[in-house]
Amino acid sequence: NEATAERVAKRYGLPHKVEQHEGRQTVWTYFERGSATSSYAGTARSAFCRAYVLTFDRQEILRDWQRQEC
């Protein structure tokens, strides 16, 4: 309820995805992806993907954020 879209962009860069919801909210999504790697035992850890979804109001103030699996 304090951070602005400009402040978030300066800290984290431009979002990977931007959506307008009903003309009142803007939703930014950042994706964090990891790749599968194998260990010394030869087993592979699974790849992962997380999405950080940030919701801004009309005045570009951050009102909500959520971490989700992709």
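Guide: Let's start with a term: a residue is buried under 20% relative accessible area, exposed over 50%, and partly exposed in between, using a 1.4 Å probe and protein chains only. This is a predicted model, where local features need pLDDT of at least 70, side-chain atom pairs count only at pLDDT 80 or more, and totals for chains, interfaces and linings use all residues. Residues are numbered from 1 along each chain as its sequence is written, and side-chain values use heavy atoms, with hydrogens and water left out.

Visitor: Thanks! Is C49 buried or exposed?

Guide: C49 is buried, at a relative accessible area of 17%.

Visitor: And which cysteine does C49 join in a disulfide?

Guide: C49 is joined to C70, S to S 1.9 Å; a disulfide here is a pair of cysteine sulfur atoms within 2.5 Å. The two cysteines sit in distant parts of the chain, 21 residues apart, with C49 in strand β3 and C70 in the segment after β4. Strands (E, at least two residues) and helices (H or I, at least four) are DSSP runs, numbered from the N terminus.

Visitor: What about C70, buried or exposed?

Guide: C70 counts as exposed, at 55% relative accessibility.

Visitor: Which way is the link of C49 and C70 handed?

Guide: That link is left-handed, with -60° about the S-S bond.

Visitor: How many disulfides does a search of the whole structure find?

Guide: The search finds one.
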